[in-house]
Amino acid sequence: MSTRTVEMALATPGLDDRGRPSRLPLGVGTAVDDDLGAEHMLVNIGPQHPATHGVLRLVLELEGETVKRCIPHIGYLHSGFEKLGEYRHYNQIVPLTDRTDYLSPMANNVCLALAAEKLMGIEITERCQVLRVIACEMSRVISHLVWLGTTGIDLGAFTPFLWSFYQRERIYNLQEAWTGARLTTSLTRIGGMMADVPDGWEAGLRDFTATFTKTLDEVDTMFTRNSIWCGRTQGVGVLTADEAINYSLSGPMLRASGVDYDVRKDRPYLGYETYDFDVPVGEHGDIYDRYRVRLEEMYQSNRILEQALDRLARLKGAPLNTDDHRVILPPKGRAMSDMEAMIHHFKQVMEGVPAPAGEAYLGVENPKGELGYYFVADGTAKPVRWRIRPPSFINLACLPKLCEGALLSDVIAINASVDIVMGEIDR
Amino acid sequence: MGLTLPSDGEIAEVPAVSPNWLTTRLDFLVNWGRANSLWPMPFGTACCAIEFMATAAGRFDISRFGMERMSFSPRQADVLICAGRLPFKLAPIIRRVWDQMPQPKWAISMGACASTGGIFDTYAMVQGIDTIIPVDVYVPGCPPRPEGLMYGIMLLQKKIKGETMADPSLRQELLVNDQGFFVPPAKIDEISEPFGNSVHQTRSA
Amino acid sequence: MTAVAPGLSPSVEALRAAFGSAVLRSAVSCGDSIVWVDRDRAHEVLAWLKNTPGQEFNYLTDITAVDYRDPGQPLEVSYQLRSLGRKVDLRVKVPLDKAKPLTVDSVFDLWRGADWLEREVFDMFGVTFAGHPDLRRILMWDTYAEGHPLRKDFPLRGNFTRAEQTRQALAANPEAHYSMEELSIADAFNELPDDMKRRLLEGQRGELR
Ligand code: SF4
């Protein structure tokens with residue numbers, strides 16, 4: 001998506017020379033007296049508001065309908081994840097990660113396992129890598145689907161919500177068959193996975209990848225050339241590439257501004273360098289480009305899923321977990337019959353897996369942006385510090401900048417385009 | 001209304017008025033109407049809210065209960081569904097929302113976190129929203145499946161169908177008292193005690 | 001000088017050459033290069049890393065802090081830097097002696113992304129960032145009186161009883177921050193009297209009674 005291929009299908013009045021609806025505020029050209037006694041107005045949105053995607057609170061200072069200043073207040077969902085992590089074994093942190101970014105739980109599980117494995121210097125098997133890639137890409141799809149549905153609602157379109165939630169339910173079924181839970185998956189363990197995929201599961205995912213893009217095509221038809229959609233999203237909430245880097249943005253927010261940076265490509269993990277996929281990059285840095293980037297990412301995820309399924313078929317019967325049973329539980333049957341396996345089982349359950357003193361930061365490309373887990377270990381089985389580098393927290397920090405000078409109704413659209421999840425922002 | 005906690009050591013009295021034929025018929029009609037058009041105030045905070053959204057969407061379809069009309073303004077809502085964790089920072093907000101809802105009103109606490117604090121026995125979390133507002137139905141699970149939430153809704157409907165106008169205590173407002181508590185402090189400490197596994201998980205190394 | 005650890009980022013040697021003794025030590029852990037620098041010159045070092053050709057650490061991935069279990073060990077503020085073009089990372093750590101005031105210069109002027117990250121470290125660890133334009137608590141509320149939650153001396157369940165926590169929470173005004181005064185606090189900060197500024201920076205804001 002390096003060049004914009006979409007032209008406005010309808011010639012709405014007020015298009016500028018680049019074919020985008022011009023957004024001249026009323027009264028331009030006439031002398032407006034600033035000192036008409038107009039007072040700035042304060043508008044409070046949230047923390048309980050349907051369009052804030054969680055318990056976000058925005059205090060807006062308005063002049064007429066123009067936003068002079070936007071001050072986000074967060075922390076309404078602060079639950080103490082990082083503190084709690086210091087009181088848990090590494091494997092016990094996996095369930096916590098489900099609940100930070102609860103729109104893509106499996107990707108968080110994978111990131112945690114990778115970070116802990118980096119800390120402990122553990123190699124994982126190829127089959128495990130492939131399954132983790134599948135987990136990550138499935139998460140990307142469901143997370144972007146929520147984004148699509150809720151953003152549609154925010155901008156006045158209800159139907160995509162039902163479409164996207166229908167597709168989500170299909171992934172949820174797969175997730176449930178694999179992990180036993182729809183949402184709180186707790187899929188990974190250090191050195192492997194909690195469970196292998198059940199028999200026949202691949203066929204279910206193949207069916208999904210084969211038919212799912214039809215929904216995306218429908219969304220594409222409905223939105224991409226829709227003049228209302230374009231009017232509300234093009235040229236709104238613009239951020240240039242330099243600003244995006246300066247604000248430490250990541251993920252689709254960064255790429256929509258034209259910075260070609262994707263952790264999967266630039267510092268590959270899980271063998272992503274061996275998959276064939278493209279990274280969509282926007283050029284205008286507005287809401288519309290963020291929408292295009294996310295839509296395209298779903299198509300690309302679908303491609304990766306298909307390739308991963310092929311590999312999975314090739315690796316049929318290959319081992320899933322590392323065979324070092326000091327870090328991963330031995331099979332239950334062996335723990336019952338073999339003394340050594342039983343001791344490993346007992347020690348892991350009671351004492352956890354100790355990590356050598358040291359520290360490790362590992363970032364992965366989550367649907368929202370770069371999710372990083374930073375562990376500091378002192379040789380015990382519990383981390384000294386478990387830091388989450390939360391992509392939506394950092395992406396949201398630029399909201400005041402994006403909203404400055406926008407119209408009140410644009411604030412909702414801009415906020416939706418950042419794709420936030422409060423569980424991760426407040427932790 | 002929620003479970004009225006009897007003040008310590010005392011047993012709540014059952015009103016002596018016995019309902020006559022007319023009030024029972026009227027009760028039936030009113031309760032039937034109320035139970036089948038509960039407008040929810042979705043107080044969705046965290047992961048459970050995603051399952052709440054799934055309940056509202058196509059596959060589970062909450063409109064079968066007459067609940068598809070989400071009431072984002074508390075003033076038009078009948079039932080508050082707290083879906084997700086409730087940190088202390090959010091406590092005054094849910095209290096305010098609850099106070100703004102007109103009678104008759106009910107509350108469903110969806111998920112382990114809303115009901116007990118769940119896995120978050122930390123400095124930041126309310127250990128059960130019943131220390132902040134009265135609760136009618138607790139739905140267990142982390143998160144509860146949509147079926148679980150619907151079962152909770154059906155339990156609430158059952159409860160509503162058993163209400164009677166002859167009992168004025170049902171509509172008694174339970175307010176925060178002048179010491180700033182909704183339930184007695186000793187009770188809060190008691191029900192917030194760590195239990196189960198979390199008793200053993202307070203050492204950090 | 002000791003032999004260079006294998007895998008250490010060449011930027012560390014360049015830093016040593018440019019800043020000498022301000023670079024306290026360096027290490028490689030799990031493949032990540034870490035360099036400890038002196039508190040007083042931290043800002044200078046970070047600015048140098050960002051702006052020097054050949055270094056170009058233009059992307060601030062994360063700011064966080066670590067409080068170790070051993071109470072004698074200093075608290076460390078850690079900056080995770082990245083060069084998007086060169087695709088390399090570097091972690092810069094600034095040790096802060098816990099017996100002295102925990103202060104370090106803000107990097108807000110270098111990276112706008114540092115804004116909320118520094119506020120979070122201030123909230124969770126009580127580290128003040130000198131020069132930050134709006135250093136307020138971000139996750140906990142302004143009048144939160146129990147301390148800084150991620151410090152090791154802060155118990156998991158907080159310092160107050162659950163009843164007290166609930167009372168304070170219910171006594172909070174949901175409309176706090178909803179005033180012109182709060183909105184202009186960042187603007188007006190420089191005009192405040194010195195001792196008020198100091199108290200604000202130390203995070204003392206209206207204790208809740
Ligand atoms: S009960 Fe579980 S799913 Fe629900 S909010 Fe709490 S952690 Fe999330």
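**A tour through chains A, B and C**

Exposed means over 50% relative accessible area, buried under 20% and partly exposed in between, with a 1.4 Å probe and protein chains only. This is a predicted model, in which local features need pLDDT of at least 70 and side-chain atom pairs count only at pLDDT 80 or more, while totals for chains, interfaces and linings use all residues. Residues are numbered from 1 along each chain as its sequence is written, chains are lettered from A and ligands numbered from 1 in the order in which they are written, and side-chain values use heavy atoms, with hydrogens and water left out.

Now select residues 21-35 of chain B, the whole of α1. Helices (H or I, at least four residues) and strands (E, at least two) are DSSP runs, numbered from the N terminus. This helix has 15 residues and reaches 21 Å from first C-alpha to last, close to the 21 Å expected at 1.5 Å a residue; the expected span is 1.5 Å times one less than the number of residues.

Move to the ligand. Of the 13 residues around it, B:C47, B:C48, B:A112, B:C113 and B:C142 come nearest; a residue counts if one of its heavy atoms lies within 4 Å. The site is shared between chains, because residues from chains A and B surround the ligand. In chain B, α2 (47-56) and α4 (112-116) each supply at least two residues of the shell.

Next, display chains B and C together. Here 30 residues of chain B are in contact (heavy atoms within 4.5 Å) with 24 residues of chain C. In chain B, select B:F88, B:K89 and B:Y123, which lose the most area to chain C, together 34% of what that side buries.

End at A:E82, in helix α1 (residues 81-85) of chain A. A:E82 counts as buried, at 5% relative accessibility. Beyond its neighbours within four places in sequence, its contacts include A:R385 and A:W386, along with C:E120 and C:L150.

Note on methods. Buried area is the accessible area (1.4 Å probe) that two parts lose on being put together, summed over both.
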